[in-house]
Amino acid sequence: SFINLTDELQKRMQATAGFAADVAHEIKNPLASLRSAVGTLRLVKREDQREKLLDVIEHDVRRLDRLVSDISNASRLDSELVKEEQEAFDLLKTLTNLGDYLGKQGRERGIDFITDLPKDPIVVHGLEARLAQVFVNLISNAISFCEDGDAIRVWARRRENRVLVVVEDTGPGIPEQALAKIFKRFYSERPAGQYGNNSGLGLSISKQIVEAHGGVIWAENIRPTDADAASDPLGARFVVGLPL
């Protein structure tokens with residue numbers, strides 16, 4: 001028992017050290033941008049150039065604030081998943097409520113939002129707020145990658161001793177080189193114009209929450225059954241499997 005405890009402690013220390021190194025690396029980018037913008041601001045005379053630099057500074061400050069908040073949440077997550085008491089709840093009710101709220105956001109952007117859920121309740125045992133956080137992240141990501149005329153479908157099915165929840169969209173899909181690292185900490189593959197608006201922790205946190213519940217999560221591209229693997233995807237699909 002002592003040896004196992006020591007091994008577990010070493011793993012946690014290594015994970016903490018790795019997390020700290022990743023944090024330091026991620027914070028350096030907006031800080032470097034801020035330093036450059038502030039230094040240049042002292043030199044420029046034209047008002048339009050000053051306004052552009054102030055926009056850069058404001059963007060980087062918001063990015064740092066978002067990054068620090070997400071890092072704080074991620075650092076507390078492990079202990080909270082252990083300490084918080086799990087309860088039985090109807091997963092479909094949670095998904096319905098999320099669909100009502102987030103679906104409205106999608107429709108306001110011209111995105112067709114579809115939910116396809118069974119009629120009978122599907123009860124799971126876990127932390128409802130944390131699992132809701134996973135699906136909020138997946139649906140919000142889908143909305144951010146879709147454009148006017150695209151569609152998002154959220155559906156769930158019971159499969160023997162587990163439930164599958166799927167979020168799929170008709171957006172641009174996931175670059176093949178990103179599929180293997182999309183759940184890594186701080187990795188972000190965003191549409192043009194959205195750089196810096198996300199910390200890159202959302203999917204990593206989602207994976208941590210799902211696995212803490214004994215589940216699995218994966219991402220894949222949607223393709224016609226007869227399509228070549230190199231063909232353009234028809235969209236992206238995220239699947240969450242949870243035990244019942």
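**Exercise 1.** In which loop is Glu160 found? State whether Glu160 is buried or exposed, and give its phi.

*Solution.* The model is a predicted one.
Step 1: Glu160 lies in the loop between β4 (151-159) and β5 (162-169).
Step 2: The cut-off for exposed is over 50% relative accessible area. Glu160 has 78% relative accessibility, so Glu160 counts as exposed.
Step 3: The phi of Glu160 is near 55 degrees, which is positive although the residue is not glycine.

**Exercise 2.** Give the strand order of the open sheet of 5 strands, then name the edge strands.

*Solution.* Step 1: The order is β2-β4-β5-β7-β6, and the pairing is mixed.
Step 2: β2 (112-116) and β6 (216-222) each pair on one side only, which makes them the edge strands.
Step 3: From one strand to the next, the twist averages 15 degrees.

**Exercise 3.** Describe how β5 pairs with β7, and find the helix that packs on the sheet.

*Solution.* Step 1: Strand β7 (residues 235-243) pairs with β5 in the antiparallel sense, over 7 bridges.
Step 2: Within this pairing, Leu164 stands opposite Gly241 in β7.
Step 3: The helix is α3 (residues 91-108), which touches β2, β4, β5 and β7. Its direction makes about 170 degrees with that of β2.

**Exercise 4.** Summarise the protein as a whole: how many helices and strands does it have, and what share of its residues counts as buried?

*Solution.* Step 1: The protein has 6 helices and 7 strands, running α-α-β-α-β-β-α-β-β-α-α-β-β from the N terminus.
Step 2: Of its 244 residues, 37% count as buried.
Step 3: The accessible surface is about 14500 Å², with 53% belonging to carbon and sulfur atoms.

Conventions:
Residues are numbered from 1 along each chain as its sequence is written. This is a predicted model: local features need pLDDT of at least 70, side-chain atom pairs count only at pLDDT 80 or more; totals for chains, interfaces and linings use all residues. Side-chain values use heavy atoms; hydrogens and water are left out. Helices (H or I, at least four residues) and strands (E, at least two) are DSSP runs, numbered from the N terminus. Buried means under 20% relative accessible area, exposed over 50%, partly exposed in between (1.4 Å probe, protein chains only). Two strands pair if DSSP finds at least two bridges between them. Axes are lines fitted to C-alpha atoms, for helices over the stretch in contact, and angles run from 0 to 180 degrees between N-to-C directions. Contact means heavy atoms within 4.5 Å. Accessible areas come from the Shrake-Rupley method with a 1.4 Å probe; for residues, only the protein chains shown count as cover.
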